[in-house]
Amino acid sequence: MKDRYSPLLRSGWDYVEKVSLEEFKAADWALLNRQRGTYYAEEQARQVLRMLADSKDDATFGYMVNNYRHCLQSATMAMHDGLEEEDIVVALLHDIGFIACPSMHGAFAAALMGAYISDRNYWMLHRHAIFQNLHSPELPGVKQHERERWRGHPHFDWAATFVAKYDQAATDPAYDCAPLEVFEPMVQRLFARPPKPRYPTD
Ligand SMILES: [Fe+2]
Ligand SMILES: [Fe+2]
């Protein structure tokens, strides 16, 4: 069966040969669920890291560093400042969707990590591009103070700090970034956390 269907099937694992979900019986779902946990434990962080690593040699459209280096610098700065591991991983992945999903890249990162991170980081990721406006006064059409709509929110100060220290100032080609390998175990530990439910209004 394995040779006949796909070289990607894994030896030693069982597979449901039905081709529509409507045909799946309880025993089939049980089989999937038996293997699902192991699969995600092995694959989830690896695939996330691969998304970032894949952009390593991509060109930049005008900044002195590409998005990969920006992410590495952000994470390295967070690490050097002694931030907690979750904040370092959030820094590493905050712009992982910057090219693939530009206008909603904050929501992209929030969705990617949302089940595993604090409310403060979830909130910050969603809004970090708007907080960035403060630091881009001459960007055409910018609403520089748009972040003020959230002034007084418990996570306002963290979003302001993250953007000021680890985002808008993380495009220096001379900065000595730690290699991605340094952050890999941190990413693995984050995605190994038990996921919590998130709702669009959070
Ligand atoms: Fe961003
Ligand atoms: Fe950024």
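This is a predicted model: local features need pLDDT of at least 70, side-chain atom pairs count only at pLDDT 80 or more; totals for chains, interfaces and linings use all residues.
Visitor: Is H3 mostly covered or mostly exposed?
Guide: Mostly covered. Of its 14 residues, 12 are buried. Among them are Asn67, Tyr68, Arg69 and His70.

Visitor: How far is Arg69 from Lys56?
Guide: Their C-alpha atoms are 7.5 Å apart in space. In sequence, Arg69 and Lys56 are 13 residues apart.

Visitor: Back to H7. At what angle does H3 pack with H7?
Guide: About 110°, with the axes 9 Å apart. H3 and H7 are therefore roughly perpendicular to each other.

Visitor: Which residues make that contact?
Guide: Ser74, Met77 and Ala78 come from H3. H7 brings Lys165, Tyr166 and Asp167. By class, the contact of H3 with H7 has 3 nonpolar, 1 polar and 2 charged residues.

Visitor: What does Ala178 touch, leaving out residues up to four places away in sequence?
Guide: Leu72, Thr76 and Met79.

Visitor: How far is Ala178 from Met113?
Guide: C-alpha to C-alpha, 22 Å in space. Ala178 and Met113 are 65 residues apart in sequence.

Visitor: New topic. How do H2 and H8 pack?
Guide: At an angle of about 140°, with their axes 9 Å apart. H2 and H8 are therefore oblique to each other. Angles over 145 degrees would count as roughly antiparallel.

Visitor: Left-handed or right-handed crossing?
Guide: H2 passes H8 in a right-handed crossing.

Visitor: Which residues meet there?
Guide: From H2, Gln44, Ala45, Val48, Leu49, Leu52 and Ala53. They meet Leu180, Glu184, Val187, Gln188 and Phe191 in H8. By class, the contact of H2 with H8 has 8 nonpolar, 2 polar and 1 charged residues.

Visitor: Now H5 and H6. What are their angle and axis distance?
Guide: Helix H5 (residues 105–113) and helix H6 (residues 119–132) pack at about 165°. Their axes are 7 Å apart. H5 and H6 are therefore roughly antiparallel to each other. Their crossing is right-handed.

Visitor: Who makes the contact there?
Guide: On the H5 side, His105, Gly106, Ala107, Ala109 and Ala110. On the H6 side, Tyr122, Leu125, His126, Arg127, His128 and Ala129. The contact of H5 with H6 has 6 nonpolar, 4 polar and 1 charged residues by class.

Visitor: Jump to the start of the chain. Where does Leu21 sit?
Guide: In the loop between helix H1 (2–5) and H2. Leu21 counts as exposed, with 9 C-beta neighbours inside 10 Å.

Visitor: How far is Leu21 from Leu93?
Guide: They are 34 Å apart in space, C-alpha to C-alpha. In sequence, Leu21 and Leu93 are 72 residues apart.

Visitor: Whole chain, then. How many helices and strands?
Guide: The chain has 8 helices and 0 strands. Read along the sequence, the pattern is α-α-α-α-α-α-α-α.

Visitor: What does the C-alpha trace span?
Guide: About 60 × 35 × 35 Å along its principal axes.

Visitor: How much of the chain is buried?
Guide: Buried residues make up 29% of the 202 residues.

Visitor: Last one. What share of contacts with a separation of 6 or more joins residues 24 or more positions apart?
Guide: Those residues account for 57% of such contacts in the chain.

Notes
Residues are numbered from 1 along each chain as its sequence is written. Chains are lettered from A and ligands numbered from 1 in the order in which they are written. Axes are lines fitted to C-alpha atoms, for helices over the stretch in contact, and angles run from 0 to 180 degrees between N-to-C directions. Helices (H or I, at least four residues) and strands (E, at least two) are DSSP runs, numbered from the N terminus. Angles under 35 degrees count as roughly parallel, over 145 as roughly antiparallel, 65 to 115 as roughly perpendicular and the rest as oblique. A crossing is left-handed if the near helix is turned anticlockwise from the far one by less than a right angle, and right-handed if clockwise. Two residues are in contact if their C-beta atoms, placed from the backbone, lie within 7 Å. Ala, Val, Leu, Ile, Met, Phe, Trp, Tyr, Cys and Pro count as nonpolar, Asp, Glu, Lys and Arg as charged, and the others, Gly among them, as polar. A residue is buried if 20 or more other C-beta atoms lie within 10 Å of its own, exposed if 12 or fewer, and partly exposed in between; C-beta atoms are placed from the backbone.
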